[in-house]
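My entries follow in the order in which I looked.

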Amino acid sequence: MAVSRGHTGCVEKLLLAPGIDVKIKNKMGKTPQMLASGNYEILKLFKRSCSEFEFPVHTFSKVILCGNSGAGKSTLAKNVYKAAGPPKPLTAGIIPYTIQSPRGNMVLYDLAGQPEYYTSHCACIEAISLSSPAIFLSMVDVSLSQNEITKQLYYWSTMISSVCSECPHPSEVIVVGTHADKVNKKGLRSRTNAIEDLAKAIFKKQHFRGFIVLDATARFSDNMKKFIDVLSESNDTVVQQCPVISTDCNILYAFLQQMVPSEQVVTISQLLSKLQADETNVLPTETSKMIPLLTILSDKGLILFIFNKHSPDESWIVLQKSVLLEKVAGVLFAPESFPEYRALASNIGLVPITLITECFPDLDTHMLVEFLSQLKLCHLVDSTLKIVDTSQTLFDLTRGSFGWLMRTKEEHQFFHNRFLHVLMLTLMNGCGGTETLCNPQLKSLNRQCIVWSTGICWNSNEGVTILVDVVEQFRYLYVAVSLPGPQYQELTVLQDVRKTFNQFCPSVDVEEFVIDPRQVRNLFNKGVMSSSLSCVEISTLKNAILNKISGARDLNGKSVVLAEWTNADADACLAKLIGIENDVIGPKLEDLMNEIGAVIHSKWRDVGVQLGIAPGVLDGIQRQNAEKPRSCQASFEQVFNEWKLQGSETTYTWTHIIGILRRPAIGENDLAETLATKFK
């Protein structure tokens, strides 16, 4: 009672009394130490008085709520968390909930279901799944076709195996079916049996707990009670498999809880200063001893710890996880239809650091860059970038020195987004850096390179050409090489592909083939991409780029990025690999703004509508620029950038924009005639 009411003085006297058993449990099964989980002062007393006891941090598990959009994840999360009010219509990023309950303590992560978020989801879950297993709730709409259900479950199975590859224990998986009211009872029975059999087969590398059909809105239904029972059993299993948690780790967590909600993020140096100011502090005050404790808390999902390799003392401790998981990742990777969407990237995919600062003014920009870099969602670029209008042959498919193919053995297996994301970063870094991807004797500082969302091709001025691409529903990855001599045995690009594959696709079974280079034509044609594209010149790229692989609206369309890297002194940028179609070399943004934006600036929204830009995107542009001094001009600039990014849907030419100016909805015939004379 003294512990639960926080009577520090009383607890101190009781601990001095003979015969006190600090491991005794109350009617709810809680020990005094567990009741003191959030009381820093009482936990310090326990440390001084007891050599060992059960620690509250040990009792927390991580619960990952995943599934496609519309499956009912957020509704279920609100019910488990027992939060009031309806869930948000659209979940942005990852929403974390910390739940303390007699049935088990857990940190629940509600993942947005839109594909644009899948890569960032994988990166964030990987970061908290290093030593302790998690519980995955894979939700599926049972009213969908059996083929669609199968496809969704295979995707989430692949994702779970990937993010848990470093964890020493298998994770728990519970498959939850929703929207059963849309299926008749007879059909539901057979559908339930089929889904359960499928789940048993595909989640074989994890501990599959079962398939439960429930109404996510019915908190007190029998099926909901059954679900809570199974979740509680999984929680107990996961807790038993967790590594031993030290006393210091528990006391540190209690101390950090005292800093919430006044603090969102603190550095290690700030934390140590606060501890040193506490005369009764029992925690270590050296950075080297603090880092392992923070790493454990981060792995348990209770905080996010971002190590600063340049200055460990300034490493960041994110106390309010939603700051990064929901607000930052939720904005940077938001679909264009989301209100959180911000048009931060330029038409060639660069995001200046200044825009990151403007978008998140309350957060340390350096921390955000480290957060994205450590999760392999980006690299920092210290070069300038510009488009080069040079049309050359991408790859001569009539000749070649070497062909290599990796394909999945199973029909439903595939190379998922996270693997492609990191592979593109690795290859982009390699093709522009000082180390070549083939024979070291063939080093070249000047290379031409094209990148699209599923592949990359580059040429050196010594005649080396390498093409890497993924086709056929992400089941085939091939490498085609043309060399001036027989040096293919020394290709390191294959090592990079295998290394990245082994790390991010541990559950995907593949087979490899050496193929006739002439067969590359058949594979290449499956992508339906012209072999004549505008290329870019690359000169010594020191770092790499932030890759948001969102360009391919259609796999067969193969949206590409065209750019030139040069070693110029410029502000550092984050670059997002955003797709641009083959024919995007068209009007310059400067000309569009001078000739149109400055003349009819008040019609920016009307022009955006005629260009086919979604109303939700236009609403976001309006909100973002509403308080700017020259809001219309800023909005027009973003409209033109959006138009350029939608190259697969709109022809990016002066002819098209002139035609739009002539439409009755715009009514600028005189301006159209002037531009037709000047630019057509």
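Entry 1, burial and surface. I call a residue buried under 20% relative accessible area, exposed over 50%, and partly exposed in between, with a 1.4 Å probe and protein chains only. On that scale 56% of the 680 residues of the chain count as buried. I noted that this is a predicted model, in which local features need pLDDT of at least 70 and side-chain atom pairs count only at pLDDT 80 or more, while totals for chains, interfaces and linings use all residues. Residues are numbered from 1 along each chain as its sequence is written, and side-chain values use heavy atoms, with hydrogens and water left out.

I found 23 helices and 24 strands in the chain, where helices (H or I, at least four residues) and strands (E, at least two) are DSSP runs numbered from the N terminus. Taking contact as heavy atoms within 4.5 Å, I looked at contacts between residues at least 6 apart in sequence, and 73% of these join residues at least 24 apart.

Entry 3, a sheet. I followed an open sheet of 3 strands, in the order E7-E9-E8 and with antiparallel pairing; two strands pair if DSSP finds at least two bridges between them. Strand E7 (265-267) and strand E8 (304-306) are the edge strands, each pairing on one side only. From one strand to the next the twist averages 20 degrees. Between E8 and strand E9 (residues 316-318) I read 3 bridges in the antiparallel sense, and Phe305 stands opposite Ile317 in E9.

Axes are lines fitted to C-alpha atoms, for helices over the stretch in contact, and angles run from 0 to 180 degrees between N-to-C directions. Angles under 35 degrees count as roughly parallel, over 145 as roughly antiparallel, 65 to 115 as roughly perpendicular and the rest as oblique. The axes of helix H18 (residues 589-597) and helix H22 (residues 654-662) come within 13 Å and cross at roughly 20 degrees, so I logged H18 and H22 as roughly parallel to each other. At this packing Asp591, Leu592 and Ile596 in H18 meet Trp654, Ile657 and Leu661 in H22. Helix H12 (residues 322-332) and H14 pack at an angle of about 80 degrees with their axes 12 Å apart, and H12 and H14 are therefore roughly perpendicular to each other. Leu324, Val328 and Leu332 of H12 make the contact with Met367, Leu368, Phe371 and Leu372 of H14.

Is Asn79 buried or exposed? Asn79 lies in helix H4 (residues 73-81) and counts as buried because its relative accessibility is 12%. Not counting residues up to four places away in sequence, Asn79 touches Ala216, Thr217, Ala218, Arg219 and Met224.

I then checked two loop residues. His179, in the loop between strand E5 (172-178) and helix H7 (185-202), has a positive phi near 60 degrees although it is a residue other than glycine, and at 25% relative accessibility His179 counts as partly exposed. Lys376, in the loop between helix H14 (365-374) and strand E11 (380-381), is not a glycine but has a positive phi of about 60 degrees, and Lys376 counts as partly exposed at 35% relative accessibility.
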